[in-house]
Amino acid sequence: MIFPEENLLERLRRERPLVHCITNYVTAGDVANYLLAAGASPVMAEEPKEVEEVVSAAQALVLNLGTLHEGKVSAMELAGRRAASLGKPIVLDPVGAGGASFRTEAAKRLIEGLPCTVIRGNASEILALAQGTHSVRGVDAGEQDEISGANLEACVKAAANLARVSKAVIVMTGKTDLVTDGRRTCRVRNGHPMMKRITGTGCMLDALTAAFLGLSSREGRPGDPFERAVYAAAVHGLCGELAWARTAEENGGAGAFRMRLFDAVSMVTDRQVLEGARLEDGFRDTES
Amino acid sequence: MIFPEENLLERLRRERPLVHCITNYVTAGDVANYLLAAGASPVMAEEPKEVEEVVSAAQALVLNLGTLHEGKVSAMELAGRRAASLGKPIVLDPVGAGGASFRTEAAKRLIEGLPCTVIRGNASEILALAQGTHSVRGVDAGEQDEISGANLEACVKAAANLARVSKAVIVMTGKTDLVTDGRRTCRVRNGHPMMKRITGTGCMLDALTAAFLGLSSREGRPGDPFERAVYAAAVHGLCGELAWARTAEENGGAGAFRMRLFDAVSMVTDRQVLEGARLEDGFRDTES
Amino acid sequence: MIFPEENLLERLRRERPLVHCITNYVTAGDVANYLLAAGASPVMAEEPKEVEEVVSAAQALVLNLGTLHEGKVSAMELAGRRAASLGKPIVLDPVGAGGASFRTEAAKRLIEGLPCTVIRGNASEILALAQGTHSVRGVDAGEQDEISGANLEACVKAAANLARVSKAVIVMTGKTDLVTDGRRTCRVRNGHPMMKRITGTGCMLDALTAAFLGLSSREGRPGDPFERAVYAAAVHGLCGELAWARTAEENGGAGAFRMRLFDAVSMVTDRQVLEGARLEDGFRDTES
């Protein structure tokens, strides 16, 4: 498997893209730390009076529906429209869609009103948006929501359908991550079960994906969001593996794992990603 | 000392109760991580439009008054009433009661309006609610608020009185924790002074208690909130001891201790609790 | 270099000053933990109905403009005026000033309306307030905003000018920190580049500075805010150095560094500060 774009992590550390996050207060600190550790720059701002100015200075925008409230949806719409008008990538995380109507409706409204570049969620959330309502269990995907043999085909279809309707790349995360733009599909087999024992790993991937999307275009050719989303998922999953390896070696638990995840993203290299990424289906049409 | 219910941690890890937290933004991430590390599931949501739907899907509700604002009190009342109507346990943490009138009044209103299952606070907070106003020093209990020989009797009386009036189990935490339902009283001598050198250990105990309260009933017999609250306090205190043992061994300070606390709760077993719990007075009437 | 006041850390751990923080939700937990680890006490509260009561019980106030929203500015004004009327020190952190008009205007309004004791920001933020608008790159100072040979003179002038106009001590942090009261100037050369790879190190310094400012006066002589601010910057920078030394020894990355920073502030002693502080220009007039 050869990634079409080379040295994305190295470029991220050189360019330090500024990622504007309108996000929840539970994991905001972790997201900021994850971006900084990776080499990017975070800015959190949600006051409607300033989000347009803030996103104008940023390279990418993250809209995360965790701890959503009414006022924040307006800020997301303002920032999203400005980002769209300036051609900046938008990553939407429909946290809790399918679980609470307020979130599901907000997610749908944002998807309809904004040209999202990437939509990332767990299986429950993506299925809820693709198929209509679907019961979920909190914001952490339950076992029944895993993308596994039994429901893989249904998941791929739902995600690809949402991709076609929304024109966004869909990243459906779980034990295995599924990335699709409706035409191409790639499964990323990196990661570790411990990533579900700490909060915010999904939010971190949102932000990391946005940072990769925010890298400058080269020779007039903008990066392919599908490829960048796959790369982000591979980096993130690999960091989970590296974090666990060190944690286990030192007899640590969930606390040590969380610390080592930040360690990993601050030290992981493009070479390690090329060697450690476990991708399936490549970047070609799954139909072909 | 034999706990009437067996293997509560094992059951928690199997059932993964979903705990809806309406809480402060200072420790929300820590609370989510503590629940996940222990084996439970967190969901944070405070928008009045969705809290009733969210709590309906949860097994327990936590109302924590840290960084309280006017709108959040309404969300707490909505969620609390729905939880009550569905028979779901409610844990109230009156953060800062006694220190600021707004918090004291909010705490009183919530206690009067909702059938709280457990009320957990430090001595200042509980005394303020039990006896009327009482000066406190921030949200972390000061030395003068410790439950010690000098004021033990007054603390027990105040807590038992609040328990009878509110019909809730009262958990008054400090160097020694005091758990009472107005009839039975138990002191939990687990814990470590370092737990006061990091923020959120009280909030973590709120959530862990709610998770235990949210476990399913067995053979039609619902769990006893008093016993569950004692178990949660013992688990939490023991995790503090385990965390400090490892931290000291590795010459760490407050940062390492905080990490090891999450490690501990992710690895602690029921057997360790049975062996390490240091309880006084057992589950019998203190009068008897 | 001999600090005029002795044993400030020891006094902080004995007096445990209560620091009221009206701050952002991204780093609020880190700030609370940093204060607790250092030996002080945090209280976070921003509801306008209670901030006056809360600040009345505190020894110092921090106003941090991160994740600012309209309602929070009112709370800051209420708390600030009460603090001023009671003679309590105020530390202002104009996060994002120069980058977003809403923040710049809020910062200016607060500086005009309140007798700030210390204003701490990166070079972009301080220059924006001293010279009018100035483009910044997010809330983390970019390379171009470093206080280096090339722009040192301009930075010193701008900071000293802001100090004279605001009557506050200005702390401009970066690779080297600059502290000035408009008359005296001191450069603090402590710190480590990793401090820019985690979020909140600026917010932590705000709070630590406030804690030192909140120590009681001795023999009727209140502490000198300039000296206290220099001491706080030296302690904080030294903790960064100690944290990195341990992190490097253990082959850690950004996650381990962050943990070790809390370790360091919980264990650092006045003696280490006296020996490790790298100050320039001392406490005398730079003109003399």
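# A walk through a predicted three-chain model

Helix H2 (residues 28–38) of chain A lies across strand S1 (18–22) and strand S2 of chain A, and the helix runs at about 155 degrees to S2(A).

In chain A, 9 strands make up an open sheet in the order S2-S1-S3-S4-S5-S6-S7-S8-S9, and the pairing in it is mixed. Strand S2 (41–44) and strand S9 (279–280) of chain A are at the edges with a single partner strand each, so one side of each has no neighbour in the sheet. At the S9 end, strand S8 (residues 185–188) of chain A pairs with S9(A) in the antiparallel sense over 2 bridges. A:Arg187 has A:Glu280 in S9(A) as its bridge partner.

Helices of chain A also pack on one another. The axes of helix H3 (residues 48–57) of chain A and helix H4 (residues 70–85) of chain A come within 8 Å and cross at roughly 30 degrees. Angles under 35 degrees count as roughly parallel, and H3(A) is therefore roughly parallel to H4(A). The crossing in which H3(A) passes H4(A) is right-handed. From H3(A), the contact takes A:Pro48, A:Val51, A:Glu52, A:Val55 and A:Ser56, while H4(A) brings A:Ser74, A:Ala75, A:Leu78, A:Ala79, A:Arg82 and A:Ala83. Sorted by kind, the residues of this contact between H3(A) and H4(A) are 7 nonpolar, 2 polar and 2 charged.

Chain B can be read from its own sheet. Here too 9 strands form an open sheet, ordered S2-S1-S3-S4-S5-S6-S7-S8-S9 (chain B), with mixed pairing. Strand S2 (41–44) and strand S9 (279–280) of chain B are the edge strands, and each pairs on one side only. Further in, strand S6 (residues 169–173) of chain B and strand S7 (residues 177–180) of chain B run antiparallel and are joined by 3 bridges. B:Ile170 stands opposite B:Thr180 in S7(B).

Helix H7 (residues 152–166) of chain B lies across strand S5 (118–122), S6, S7 and strand S8 (185–188) of chain B, at about 35 degrees to S7(B). Helix H9 (residues 225–249) of chain B also packs on the sheet, where it touches S5, S6, S7, S8 and S9 of chain B. The direction of H9(B) makes about 170 degrees with that of S7(B).

Helix H8 (residues 201–213) of chain C and helix H9 (residues 225–249) of chain C have axes that come within 9 Å and cross at roughly 135 degrees. H8(C) and H9(C) are therefore oblique to each other, and their crossing is right-handed. H8(C) makes the contact with C:Met204, C:Leu205, C:Leu208, C:Thr209, C:Phe212 and C:Leu213. The residues on the H9(C) side include C:Pro225, C:Arg228, C:Tyr231 and C:His236. The contact of H8(C) with H9(C) divides into 11 nonpolar, 2 polar and 1 charged residues.

The next step is how the chains are arranged.

Towards chain A, 28 residues of chain C are in contact with 28 residues of chain A. Helix H2 (28–38), helix H5 (101–113) and helix H10 (254–267) of chain C each supply at least two residues of that side, and H10(C) gives the most, with 5 residues. The side of chain C that touches chain A consists of 10 nonpolar, 11 polar and 7 charged residues.

Towards chain B, 28 residues of chain C are in contact with 28 residues of chain B. Two or more residues of this side come from each of H2, strand S2 (41–44), helix H3 (48–57) and H10 of chain C. H10(C) has the largest share, 8 residues. By kind, the side of chain C that touches chain B holds 17 nonpolar, 4 polar and 7 charged residues.

What share of the interface residues of chain C are also interface residues in chain B? The share is only 11%, so the copies meet through different surfaces.

How values were computed:
Residues numbered from 1 in each chain as written. Chains lettered and ligands numbered in written order. Predicted model: local features only at pLDDT ≥ 70, side-chain atom pairs only at ≥ 80, totals over all residues. Contact = placed C-beta atoms within 7 Å. Helix = DSSP H or I, 4+ residues; strand = E, 2+ residues; numbered from the N terminus. Nonpolar A, V, L, I, M, F, W, Y, C, P; charged D, E, K, R; others polar. Pairing = 2+ DSSP bridges. Axes fitted to C-alpha atoms, helices over the stretch in contact; angles between N-to-C directions. Parallel < 35°, antiparallel > 145°, perpendicular 65-115°, else oblique. Left-handed = near helix turned anticlockwise from the far one by under 90°.
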